[in-house]
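Here is a briefing to read beside the sequence and the model.

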Amino acid sequence: MNEGIIFDVKRYAINDGPGIRTTVFFKGCPLNCWWCHNPEGINSKIEKFNKKDTVGYNLNVKDIINEILKDHIFYNESGGGVTFSGGEPLLQINFLHSILIECKKNNLNTAIDTCGYSTIDNIDKIYDKVDLFLFDLKFINEKEHLKYTGKSNKIIIKNLIYLSNKGKKVQIRIPLIPNITDTSENLLSIKQFIDKLRYIDEICLLPYNKYAEVKIAKFKLNSKIKKLSTQTDKKLNQIKKIFDSKKYKVKVGG
Ligand code: SF4
(Lines give C-alpha, C1' and ligand atoms only; values in the text may rest on other atoms or scores of the structure.)
Protein backbone atom coordinates (compact mmCIF):
# COMPACT_ATOMS: atom_id res chain seq x y z
CA MET A 1 0.00 0.00 0.00
CA ASN A 2 1.55 3.23 -1.15
CA GLU A 3 -0.65 5.79 0.55
CA GLY A 4 -2.13 6.25 4.02
CA ILE A 5 -3.66 8.84 6.34
CA ILE A 6 -1.49 10.64 8.85
CA PHE A 7 -2.27 13.69 10.95
CA ASP A 8 1.12 15.08 11.94
CA VAL A 9 4.85 14.78 11.47
CA LYS A 10 6.97 16.02 14.35
CA ARG A 11 10.67 16.71 13.71
CA TYR A 12 13.34 16.85 16.45
CA ALA A 13 11.26 14.69 18.81
CA ILE A 14 13.21 13.67 21.91
CA ASN A 15 10.58 11.73 23.88
CA ASP A 16 9.58 9.08 21.36
CA GLY A 17 12.55 6.73 21.62
CA PRO A 18 16.35 7.20 21.73
CA GLY A 19 18.13 10.23 20.27
CA ILE A 20 16.64 12.86 18.01
CA ARG A 21 13.77 11.44 15.99
CA THR A 22 11.06 12.28 13.52
CA THR A 23 7.68 11.04 14.70
CA VAL A 24 4.97 10.25 12.18
CA PHE A 25 1.42 10.17 13.56
CA PHE A 26 -0.94 7.70 11.88
CA LYS A 27 -4.64 8.47 11.99
CA GLY A 28 -6.94 5.97 13.65
CA CYS A 29 -6.81 4.08 16.94
CA PRO A 30 -8.82 1.04 18.09
CA LEU A 31 -8.86 2.37 21.67
CA ASN A 32 -10.55 5.46 22.98
CA CYS A 33 -8.72 6.38 26.17
CA TRP A 34 -10.34 8.96 28.40
CA TRP A 35 -7.07 10.88 28.61
CA CYS A 36 -5.94 10.58 24.98
CA HIS A 37 -3.48 13.38 24.23
CA ASN A 38 -4.21 13.05 20.50
CA PRO A 39 -8.00 12.74 20.50
CA GLU A 40 -8.13 14.22 17.01
CA GLY A 41 -6.20 11.15 15.82
CA ILE A 42 -8.59 8.45 17.08
CA ASN A 43 -10.99 8.41 14.13
CA SER A 44 -9.33 6.76 11.14
CA LYS A 45 -10.86 9.14 8.60
CA ILE A 46 -9.90 12.68 7.63
CA GLU A 47 -12.09 14.91 9.79
CA LYS A 48 -13.13 18.52 10.05
CA PHE A 49 -13.45 20.10 13.50
CA ASN A 50 -15.28 23.36 14.21
CA LYS A 51 -16.01 23.60 10.46
CA LYS A 52 -12.46 24.81 9.79
CA ASP A 53 -9.73 22.60 11.29
CA THR A 54 -9.09 19.64 9.00
CA VAL A 55 -7.22 16.82 10.73
CA GLY A 56 -5.54 14.12 8.68
CA TYR A 57 -4.18 14.01 5.13
CA ASN A 58 -3.19 11.43 2.59
CA LEU A 59 0.51 10.97 2.17
CA ASN A 60 2.48 8.51 0.09
CA VAL A 61 5.50 6.50 1.12
CA LYS A 62 7.93 8.50 -1.01
CA ASP A 63 6.88 11.83 0.53
CA ILE A 64 7.11 10.47 4.07
CA ILE A 65 10.58 9.06 3.45
CA ASN A 66 11.73 12.37 1.93
CA GLU A 67 10.44 14.20 5.01
CA ILE A 68 12.15 11.75 7.37
CA LEU A 69 15.46 11.90 5.50
CA LYS A 70 15.70 15.68 5.95
CA ASP A 71 17.10 15.04 9.44
CA HIS A 72 19.30 12.05 8.67
CA ILE A 73 22.39 13.83 9.97
CA PHE A 74 20.77 14.38 13.40
CA TYR A 75 19.79 10.72 13.68
CA ASN A 76 23.34 9.63 12.96
CA GLU A 77 24.83 12.00 15.51
CA SER A 78 22.32 11.33 18.29
CA GLY A 79 21.51 7.64 17.85
CA GLY A 80 18.00 8.60 16.79
CA GLY A 81 15.75 7.67 13.91
CA VAL A 82 12.07 7.55 13.10
CA THR A 83 9.10 6.65 15.30
CA PHE A 84 5.67 5.69 14.00
CA SER A 85 2.96 6.70 16.43
CA GLY A 86 -0.61 7.90 16.35
CA GLY A 87 -3.29 6.90 16.77
CA GLU A 88 -2.16 3.35 16.23
CA PRO A 89 0.29 2.75 13.36
CA LEU A 90 -0.52 -0.98 13.17
CA LEU A 91 -4.06 -0.08 12.11
CA GLN A 92 -2.67 0.85 8.67
CA ILE A 93 -0.46 -2.21 8.52
CA ASN A 94 0.20 -2.36 4.76
CA PHE A 95 1.08 1.31 4.58
CA LEU A 96 3.31 0.99 7.64
CA HIS A 97 4.99 -2.07 6.17
CA SER A 98 5.76 -0.24 2.91
CA ILE A 99 7.30 2.69 4.80
CA LEU A 100 9.39 0.40 6.99
CA ILE A 101 10.84 -1.34 3.93
CA GLU A 102 12.01 2.04 2.62
CA CYS A 103 13.34 3.05 6.06
CA LYS A 104 15.52 -0.02 6.17
CA LYS A 105 16.78 0.60 2.63
CA ASN A 106 17.95 3.96 4.00
CA ASN A 107 19.49 2.45 7.15
CA LEU A 108 17.12 4.27 9.50
CA ASN A 109 16.57 3.19 13.09
CA THR A 110 12.84 2.49 13.47
CA ALA A 111 10.50 2.50 16.47
CA ILE A 112 6.78 1.74 16.69
CA ASP A 113 4.72 3.36 19.43
CA THR A 114 1.80 0.98 19.82
CA CYS A 115 -1.18 0.46 22.11
CA GLY A 116 -0.69 -3.25 21.42
CA TYR A 117 -4.23 -3.82 20.18
CA SER A 118 -3.48 -5.69 16.96
CA THR A 119 -2.97 -9.17 15.60
CA ILE A 120 0.07 -11.42 15.86
CA ASP A 121 0.06 -11.54 12.04
CA ASN A 122 0.46 -7.77 11.91
CA ILE A 123 3.29 -7.85 14.43
CA ASP A 124 5.03 -10.62 12.49
CA LYS A 125 4.68 -8.70 9.26
CA ILE A 126 6.76 -5.77 10.49
CA TYR A 127 8.80 -7.48 13.20
CA ASP A 128 12.17 -7.68 11.48
CA LYS A 129 11.98 -4.09 10.25
CA VAL A 130 11.41 -2.58 13.70
CA ASP A 131 14.33 -1.87 16.02
CA LEU A 132 12.31 -0.90 19.07
CA PHE A 133 8.72 -1.35 20.21
CA LEU A 134 7.35 1.35 22.49
CA PHE A 135 4.50 -0.61 24.01
CA ASP A 136 1.83 1.23 26.03
CA LEU A 137 0.49 -0.58 29.07
CA LYS A 138 -2.34 0.94 31.06
CA PHE A 139 -4.01 -1.72 33.19
CA ILE A 140 -3.74 -5.42 33.96
CA ASN A 141 -7.30 -5.51 35.27
CA GLU A 142 -9.51 -6.17 32.26
CA LYS A 143 -12.60 -4.39 33.61
CA GLU A 144 -10.65 -1.21 34.27
CA HIS A 145 -9.11 -1.38 30.81
CA LEU A 146 -12.52 -1.79 29.24
CA LYS A 147 -13.95 1.08 31.23
CA TYR A 148 -11.21 3.62 30.48
CA THR A 149 -10.19 2.64 26.93
CA GLY A 150 -13.32 1.03 25.49
CA LYS A 151 -11.62 -2.33 24.78
CA SER A 152 -10.53 -5.44 26.64
CA ASN A 153 -6.78 -5.78 27.25
CA LYS A 154 -6.61 -9.52 26.54
CA ILE A 155 -5.11 -9.09 23.06
CA ILE A 156 -2.71 -6.41 24.31
CA ILE A 157 -1.35 -8.61 27.08
CA LYS A 158 -1.04 -11.56 24.74
CA ASN A 159 0.91 -9.45 22.24
CA LEU A 160 3.24 -8.06 24.88
CA ILE A 161 4.07 -11.56 26.12
CA TYR A 162 4.64 -12.60 22.49
CA LEU A 163 7.05 -9.74 21.83
CA SER A 164 8.97 -10.20 25.05
CA ASN A 165 9.37 -13.92 24.37
CA LYS A 166 10.82 -13.17 20.96
CA GLY A 167 13.51 -11.02 22.54
CA LYS A 168 12.95 -7.85 20.53
CA LYS A 169 13.86 -4.57 22.24
CA VAL A 170 10.67 -3.54 24.06
CA GLN A 171 10.16 -0.41 26.09
CA ILE A 172 6.97 -0.47 28.15
CA ARG A 173 5.35 2.93 28.51
CA ILE A 174 2.92 3.51 31.36
CA PRO A 175 0.82 6.68 31.17
CA LEU A 176 0.33 7.95 34.71
CA ILE A 177 -3.20 9.30 34.84
CA PRO A 178 -4.05 10.70 38.29
CA ASN A 179 -6.31 8.37 40.29
CA ILE A 180 -6.92 6.24 37.20
CA THR A 181 -3.71 4.46 36.21
CA ASP A 182 -1.37 5.87 38.87
CA THR A 183 -2.99 4.08 41.83
CA SER A 184 -0.74 1.79 43.89
CA GLU A 185 -3.04 -1.12 43.18
CA ASN A 186 -2.79 -0.71 39.40
CA LEU A 187 0.95 -0.04 39.37
CA LEU A 188 1.69 -3.03 41.59
CA SER A 189 -0.34 -5.30 39.33
CA ILE A 190 1.59 -3.98 36.30
CA LYS A 191 4.89 -4.50 38.10
CA GLN A 192 3.98 -8.10 38.98
CA PHE A 193 3.04 -8.77 35.38
CA ILE A 194 6.21 -7.19 33.95
CA ASP A 195 8.44 -9.13 36.32
CA LYS A 196 7.18 -12.36 34.80
CA LEU A 197 7.99 -11.28 31.24
CA ARG A 198 11.02 -12.86 29.65
CA TYR A 199 12.81 -9.86 28.19
CA ILE A 200 12.00 -6.18 28.66
CA ASP A 201 14.52 -3.45 27.97
CA GLU A 202 13.06 -0.47 29.79
CA ILE A 203 10.05 0.91 31.63
CA CYS A 204 9.05 4.52 30.99
CA LEU A 205 6.72 6.16 33.48
CA LEU A 206 4.96 8.99 31.69
CA PRO A 207 3.77 11.77 34.02
CA TYR A 208 0.36 13.21 33.29
CA ASN A 209 0.52 16.18 30.94
CA LYS A 210 -2.09 18.71 29.96
CA TYR A 211 -2.03 18.00 26.19
CA ALA A 212 -5.32 16.11 26.39
CA GLU A 213 -7.12 18.99 28.08
CA VAL A 214 -5.66 21.52 25.61
CA LYS A 215 -6.73 19.42 22.59
CA ILE A 216 -10.18 18.73 24.03
CA ALA A 217 -10.72 22.48 24.36
CA LYS A 218 -9.22 23.24 20.94
CA PHE A 219 -11.36 20.72 19.06
CA LYS A 220 -14.43 21.22 21.30
CA LEU A 221 -14.63 17.52 22.17
CA ASN A 222 -16.64 15.87 24.91
CA SER A 223 -14.39 14.86 27.76
CA LYS A 224 -14.77 12.31 30.50
CA ILE A 225 -11.80 13.59 32.47
CA LYS A 226 -11.95 16.57 34.77
CA LYS A 227 -9.01 18.94 35.11
CA LEU A 228 -6.14 16.85 36.50
CA SER A 229 -2.79 17.80 37.98
CA THR A 230 0.60 16.47 36.97
CA GLN A 231 2.19 14.22 39.61
CA THR A 232 4.64 15.91 41.99
CA ASP A 233 8.32 14.89 41.95
CA LYS A 234 7.74 13.18 45.31
CA LYS A 235 4.92 11.08 43.90
CA LEU A 236 6.94 10.25 40.78
CA ASN A 237 9.86 9.08 42.91
CA GLN A 238 7.50 6.86 44.93
CA ILE A 239 6.15 5.36 41.72
CA LYS A 240 9.63 4.84 40.32
CA LYS A 241 10.58 2.90 43.46
CA ILE A 242 7.70 0.48 42.81
CA PHE A 243 9.34 -0.46 39.51
CA ASP A 244 12.98 -0.58 40.63
CA SER A 245 14.47 -3.77 39.26
CA LYS A 246 17.78 -5.29 38.23
CA LYS A 247 16.04 -6.86 35.24
CA TYR A 248 15.25 -3.63 33.32
CA LYS A 249 15.90 0.09 33.33
CA VAL A 250 13.26 2.42 34.77
CA LYS A 251 12.90 6.08 33.93
CA VAL A 252 10.42 8.89 34.38
CA GLY A 253 9.53 10.43 31.02
CA GLY A 254 9.60 9.24 27.42
S1 SF4 B 1 -4.08 4.21 22.74
FE2 SF4 B 1 -3.02 6.18 22.64
S3 SF4 B 1 -3.73 7.12 20.73
FE4 SF4 B 1 -5.13 5.43 21.19
S5 SF4 B 1 -6.82 6.40 22.30
FE6 SF4 B 1 -5.36 5.65 23.83
S7 SF4 B 1 -4.00 7.38 24.25
FE8 SF4 B 1 -5.10 7.83 22.33
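**Briefing**

Lysine 51 sits in the loop between β3 (47-49) and β4 (53-55). Helices (H or I, at least four residues) and strands (E, at least two) are DSSP runs, numbered from the N terminus. The model is predicted: local features need pLDDT of at least 70, side-chain atom pairs count only at pLDDT 80 or more, and totals for chains, interfaces and linings use all residues. Residues are numbered from 1 along each chain as its sequence is written, and side-chain values use heavy atoms, with hydrogens and water left out.

**Backbone points**

- Lysine 51 has a phi near 60°, a positive value in a residue other than glycine.
- Lysine 51 counts as exposed, at 79% relative accessibility. The cut-offs are under 20% relative accessible area for buried, over 50% for exposed, and in between for partly exposed (1.4 Å probe, protein chains only).
- Asparagine 107 is not a glycine either, yet its phi is positive, about 55°.
- The loop between α3 and β7 (110-114) holds asparagine 107. This residue is exposed, with a relative accessible area of 66%.
- The peptide bond from glycine 86 to glycine 87 is cis, with omega near 15°.
- Glycine 87 belongs to the loop between β6 (81-86) and α3 (93-105).

**Overall fold**

- The protein has nine helices and eleven strands.
- Its radius of gyration is 18 Å, close to the 18 Å that the globule rule gives for 254 residues, so the protein is as compact as a globular protein of that length. The radius is taken over C-alpha atoms, and the globule rule is 2.2 Å times the number of residues to the power 0.38.
- Along the principal axes, the C-alpha atoms fill a box of roughly 45 × 45 × 35 Å.
- Of the 254 residues, 51% count as buried.

**Ligand site**

- Which residues surround the ligand? They are Cys29, Leu31, Asn32, Cys33, Cys36, Ile42, Gly87, Cys115 and Lys138. A residue is near a molecule or strand if one of its heavy atoms lies within 4 Å of it.
- This shell divides into six nonpolar, two polar and one charged residue. Ala, Val, Leu, Ile, Met, Phe, Trp, Tyr, Cys and Pro count as nonpolar, Asp, Glu, Lys and Arg as charged, and the others, Gly among them, as polar.
- The ligand takes up the space of the largest pocket. On a 1 Å grid over the protein atoms alone, a pocket is an open set of points with protein on both sides within 12 Å along at least five of seven lines. A molecule sits in a pocket if more than half of its atoms lie within 2 Å of its grid points.

**Cysteines**

- A disulfide is a covalent bond between the sulfur atoms of two cysteines.
- How many disulfides does the model have? The count comes to zero, with a disulfide taken as a pair of cysteine sulfur atoms within 2.5 Å.
- Cysteine 33 is buried, with a relative accessible area of 12%.
- Cysteine 36 counts as buried too, at 18% relative accessibility.

**Loop residues and their C-alpha distances**

- Proline 178 is placed in the loop between β9 (170-175) and α7 (184-196). It counts as buried at 11% relative accessibility.
- Proline 178 and glutamate 77 are 101 residues apart in sequence and 37 Å apart in space, C-alpha to C-alpha.
- Glycine 116 is in the loop between β7 and α4 (120-126). At 4% relative accessibility, glycine 116 counts as buried.
- From glycine 116 to alanine 212, 96 residues apart along the chain, the C-alpha separation is 21 Å.

**Helix residues and their C-alpha distances**

- Helix α6 (residues 154-166) contains tyrosine 162. This tyrosine is partly exposed, with a relative accessible area of 24%.
- Tyrosine 162 and isoleucine 120 are 42 residues apart in sequence, and their C-alpha atoms are 8.1 Å apart in space.
- Isoleucine 242 is part of helix α9 (residues 233-243). It counts as partly exposed at 22% relative accessibility.
- Isoleucine 242 and isoleucine 112 are 130 residues apart along the chain, with 26 Å between their C-alpha atoms.

Key. On a 1 Å grid over the protein atoms alone, a cavity is a set of points where a 1.4 Å probe fits but cannot get out, and a pocket is an open set with protein on both sides within 12 Å along at least five of seven lines; lining residues have an atom within 4 Å of a point.
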